[in-house]
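Dear colleague,

I am handing over the structure below, and after it you will find my notes on what came out of the analysis. Please read them alongside the coordinates.

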Amino acid sequence: VVCEAHEHPGGVAHGFERRTKDGVFKFDSGPSLWAGMSKSSTNPLRQVLDAVGESVDWVGYSGWGLHYPGQHDRFRFTVGPTKFEQVVRERAGDKGVAEWRGNL
């Protein structure tokens, strides 16, 4: 059984577009788009929802998985920067952690 919430397989690893009378809108359905959506935040989409007075029912989750295509390397992350940083350190050492922190 394959369960997919979108019309195309790929979960958060794909994007989609919508054509309207106002033009073509492209969306990235990756985690970056949805992070920080359940309460007021700096997420651009959340700011639009706040500006137009709309709300959405959100379902939280405690972690997510990562699979490298073409490899048998998979692991699970727990939501939150501390646990994520531990995985980055295991995979890429202190240099990787410094790089990740530099992108925050």
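**Notes on the model**

Arg-46 is buried, with a relative accessible area of 14% (buried means under 20%, exposed over 50%, and partly exposed in between, with a 1.4 Å probe and protein chains only). This is a predicted model, in which local features need pLDDT of at least 70 and side-chain atom pairs count only at pLDDT 80 or more, while totals for chains, interfaces and linings use all residues. Residues are numbered from 1 along each chain as its sequence is written, and side-chain values use heavy atoms, with hydrogens and water left out.

Arg-46 belongs to helix α2, which covers residues 44-52 (helices, H or I of at least four residues, and strands, E of at least two, are DSSP runs numbered from the N terminus). Leaving aside neighbours within four places in sequence, Arg-46 is in contact with Gly-36, Met-37, Ser-38, Lys-39, Ser-40, Ser-41 and Trp-58, where contact means heavy atoms within 4.5 Å.

Trp-64, found in strand β3 (residues 63-67), is partly exposed, with a relative accessible area of 32%.

As for the chain as a whole, three helices and four strands are present, and their order along the sequence is β-β-α-α-β-β-α. Of its 104 residues, 16% count as buried, and among contacts between residues at least 6 apart in sequence, 1% join residues at least 24 apart.

Best regards
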